[in-house]
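Please keep the sequence and the 3D view at hand while reading.

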Amino acid sequence: MAVDILVGLQWGDEGKGKIVDVLAPTYDIVARFQGGPNAGHTLEFGGTKHVLHQIPSGIFHPHIINIIGNGVVLDPVIFRAEMQKLTDRGIDGSKNLFISRKAQLILPSHKFIDRVQEEALGENKIGSTLKGIGPTYQDKIGRFGLRVGDILAADFKERYNTVIERHQKIVGFYGKSLEIEEAERDFFSAIDYLRTLQLVDSEYMLNEAIAGGKKILAEGAQGSLLDIDFGTYPFVTSSNTLVAGACTGLGVAPRHIGEVYGIFKAYCTRVGSGPFPTELHDAEGERIRKAGNEFGSTTGRPRRCGWIDLPTLKYSIMLNGVTQLNMMKADVLDDFEEIKVCTHYILPSGEKTDKVPHQLVDEELTPVYVTLPGWQTSSKKVGEYKELPQEFLSYLSFLEKELQVEITIVSVGPDRVSTLNKPTVEVLE
Ligand code: GDP
Ligand code: IMO
Ligand code: MG
C-alpha cells in the first residue's frame, strides 16, 4: 500500500515529529493533512532541536517531497517565520515543499475572533492555542473561507475585504471591533512570499505518486482525543485528527492506506482544558512534568500529566485501525519505583468498563489501576530493544496484551538516535 499514516492516540504532543523524522528516509513524500500552527512538532538531531508548526517533519531530508495538504489551515505569517528559521539553519525548504491550493488561509481576523470567543467562554474556555484554528475551520465549513489558491486571483484583496466585513460583524456581536492593522501588514507581505512558492493541486500530485509506486507518509497533528467528532468534545480541536482525516485532508482514497502508526506516551499529558481521568494533581504529576519537560512546544504552557489510560487508548486504536504502536518518552519513567496503568473506569452506576463514556467527565468515573514495578535504571543509553531492563519489557508486554497491537518502536530520548525497533523475528516473553 502506498500511504502509511502516523497519528497521535492521546491529547497531542506524543512525539509525532520525532518519529516522522525517523521514519521519513523510507518514504518519498511526507504530507500533513489537518491542523495548522496549533501543532508543535519537535525533532532533535546533531545536538539541535527544531520545532515545526505547519511544515511537515520530513523537511530535513532534501530528497523527500513535503506536502501541506488541503486539510491544513495555513497561517502565512507563521509559515514564513518557520521557513526563515530553516534558512537560518542552512535548509532551503522551498525546493522540496509543496502547498495545496485548497488549504485554507488563517487570517489575522481569525486569530482575533479566536481570542474573543475564548474570552467570552470565561471559565469554560477550550484552552485554544489562539492560532485562529477554530474560526478558520468555522469559515471553511460555513463556505466563507479563503484558500491558498485564491491568493493568485486578481480580486484577492476584494475577497479578503468581504470576509473581513463579516468578521467585523462577528466581533461586534461580542461588543468588540477588529484591531488587526499591523497584523494585516504582516499578513499581506507573507502572502507575497507565499506566491513565490510551489502552490499545487496536491491531490493530483499525491495520486500520481501513488500510481508511480511512490511511498507516502501522512503526518497527523494533535491527537485522537482532540478529534472534532470522537474527542472529548467540546474540549477538542476543529479538525478530524483521525486516520479518516488523511483521506479528506489529502485526497487519497481509503484503499491506498497501508500501515497506521499509533503513537502514545508511556504516560499521558494534556494541554488546555477538558477531562483527563488519570490526571495527577500531586507531587507525582509534578515529577512526570519535570522529568518529561512537559511544557507546550507551541505555547510554552505546562502540560497536565497523569498515568497511561487504556480505555482511551483502546478507543483511539479502534477508531484509527492502528497496525503498529510506537511508545514514546519511556525514559521519563526511568526513576519511578512503580508505574500505574489505568485499565478500566468505574461508572456512577458501579459498572466497571473499559469503554469511553459518551461524555467523559472526570468526576463521574473512578479509574481502576494496575501497578507494575518500575525499572529504576536509565533507559536513555540502551542501544537495542533486547537490552531493555526486564521490568521495562514486562511493561511493554502488559500493554501489548491489553491493547492487542504490537509496540514496534520504543523511544527513550528526544534525539533521532534514541529509537529502538522491536526485533521482528525474536519472540520476547
Ligand atoms: P508532537 O507534537 O507529537 O510532535 O510532540 P511535541 O514535539 O509537541 O512534544 C514531544 C516532546 O518530547 C518534545 O520536546 C520532544 O523533543 C520530546 N521527546 C520525543 N520523544 C522523546 C523521548 O522518547 N524521550 C524524551 N525524554 N523526550 C522525547
Ligand atoms: P500537536 O500536533 C497538544 C489543544 C489545545 C486546546 C485544544 C484546542 O503538537 O500534538 P486549538 O488551538 O486547536 O483550537 O486548541 O487543542 N491542542 C493541542 N494540544 N498538541 C497539539 O498539537 C495541539 N493542538 C491543539 O491546547 O486544548
Ligand atoms: Mg506538539
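Helix axes are lines fitted to C-alpha atoms over the stretch in contact, and angles run from 0 to 180 degrees between N-to-C directions. Helices (H or I, at least four residues) and strands (E, at least two) are DSSP runs numbered from the N terminus. This is a predicted model, in which local features need pLDDT of at least 70 and side-chain atom pairs count only at pLDDT 80 or more, while totals for chains, interfaces and linings use all residues. Residues are numbered from 1 along each chain as its sequence is written, chains are lettered from A and ligands numbered from 1 in the order in which they are written, and side-chain values use heavy atoms, with hydrogens and water left out.

**Helix packing**
- Helix α10 (residues 310-320) packs against helix α11 (residues 390-403) at about 55 degrees, with the axes 10 Å apart.
- Helix α10 is therefore oblique to α11 (angles under 35 degrees count as roughly parallel, over 145 as roughly antiparallel, 65 to 115 as roughly perpendicular and the rest as oblique).
- In contact (heavy atoms within 4.5 Å) are L310, L313, K314 and I317 of α10 with F398, L399, E402 and L403 of α11.

**Magnesium site**
- D13 (OD) and G40 (O) coordinate the magnesium ion (ligand 3) at 2.0 to 2.2 Å; donors are N, O and S atoms within 2.8 Å of the metal (3.2 Å for Na, K and Ca), and sites may look incomplete because water is not among the atoms.
- D13 lies in the loop between β1 (3-8) and α1 (16-23), and G40 in the loop between β2 (29-32) and β3 (41-45), 27 residues apart.
- Both D13 and G40 are buried (under 20% relative accessible area, with exposed over 50% and partly exposed in between; 1.4 Å probe, protein chains only).

**Helix α1**
- In α1, 7 of the 8 residues are buried, among them K16 and L23.
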